[in-house]
Amino acid sequence: MKNKIKLGWIGSGFVSQVAHLSSFTNIPNVEIVALSEIRKNLGRLNCKRFGIKKFYNSFIEMLNKEKLDGVVCIVRRYQTYMVAKEVLKKKINLFTEKPMAPTVKQAKHLVNLAKKNKLIYTVGNMRRHDSGVVKCKKLFSNLIKTKKIGNFLQYKHTILAGGDYCNIDGYIPTSEKISKKRFYPDSPDWLPKKFEKEYEKFLNYFNHNINLLRFFFDEINEIKYQNYNNQNGNFFFNHKKFRGSFDFFYLTNNSWKENLEFIFSEGTINLELPPAFIKNKPAKIKIYSNKEKKLIYHIPNFDWSFKNQAIDFVNSLKKNRHSISSGLDSLEDIRTIDKIWKKKFFNA
């Protein structure tokens, strides 16, 4: 097991600062030895703030010069694949934000690179690291076995997606321009061009919802029905022994409501997920038994999913093991979303 973990860092924008740099820099025996940022002033200010000794304007130069146990890449979603590809080609372990890539072809390429070079490759599906979600999965599995609230029938996943930044502070603003350069396609080659922005928005918003459903129910076997547009939508998924639904709504305000309900023949489990950027507020669990006429609340300890996933990545590097949110697993999210959109155009 490794003791000191040495990381390289790529990207120091808003999300990188408030969710990732603040989490990784508070983990014992972790050193961020260098940071790369194309916005020079912002990069240098973050190096000073987080105690990072070396600054690079080019991430390629950083990869060439530094000896690293891993790299954390938090860049614009349309640039994640390009950067991730270069890191994995250099045979360096990698953590990126979600989604891992905009197309199945690109996602498969990253997974194959990681496999070829025997690397730890993790994607930041932070809901899997929410202590309330982890607790709920254990309770759900137990109730499936014991049948204390009957047979499991179906699930309902609903999200009202407004704003989830929750007025979080602790970041350095900048007037330096971001890079808008897109190096690779942002959508599948079969998708009509006029739908590219709608696809990109759906992928960026709801990749984590597909991942969460797969965390509980493994693969989504069949997309039975779907109806959606650029404002809202609903889906019905078939599994071998049960079914489920996913409903989404884009909001134009700062409200964010996310709920996953498990429906049994004699009761329910309700998982209420917080906005991602509320610190130390994990998901809440309510279990209701029709037989006992009783409602049970499970409130986990105060912790934050972003910090938990940072610890998990570090532990993966120390123990040389893959994460519960590996690139290989995350590839299935991209495949599922690809199937959803193909069904819209080809009824496939």
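The protein has nine helices and 14 strands, where helices (H or I, at least four residues) and strands (E, at least two) are DSSP runs numbered from the N terminus. The model is predicted: local features need pLDDT of at least 70 and side-chain atom pairs count only at pLDDT 80 or more, whereas totals for chains, interfaces and linings use all residues. Residues are numbered from 1 along each chain as its sequence is written, and side-chain values use heavy atoms, with hydrogens and water left out.

**Overall dimensions and surface**

- Along the principal axes, the C-alpha atoms fill a box of roughly 65 × 45 × 40 Å.
- The accessible surface comes to about 17,100 Å², and carbon and sulfur atoms hold 49% of it (Shrake-Rupley method, 1.4 Å probe; for residues, only the protein chains shown count as cover).
- Of the 348 residues, 55% count as buried, meaning under 20% relative accessible area, with exposed over 50% and partly exposed in between (1.4 Å probe, protein chains only).

**Contacts and cores**

- Among contacts with a separation of 6 or more, 71% join residues 24 or more positions apart; contact means heavy atoms within 4.5 Å.
- The largest nonpolar core has 76 residues, of which Phe216, Phe237, Phe262, Ile269, Leu271 and Trp341 touch the most other members. A nonpolar core is a set of buried Ala, Val, Leu, Ile, Met, Phe, Trp, Tyr and Cys residues joined through side-chain atoms within 4.5 Å.
- Helix α7 (residues 196–217) supplies the largest share of this core, 10 residues.
- Another core, of 21 residues, lies apart from it and includes Leu7, Phe55, Ile120 and Leu317.
- Beyond its neighbours within four places in sequence, Phe262 contacts residues including Cys136, Phe140, Phe152, Phe216, Ile269 and Leu271.

**Individual residues**

- Gln106 lies in helix α5 (residues 104–116) and counts as buried because its relative accessibility is 6%.
- Leaving out residues up to four places away in sequence, Gln106 touches Tyr81, Ala101, Tyr184 and Pro185.
- Lys342 is in helix α9 (residues 327–346) and counts as partly exposed, at 30% relative accessibility.
- Lys342 and Ser16 are 326 residues apart along the chain, and their C-alpha atoms are separated by 33 Å.
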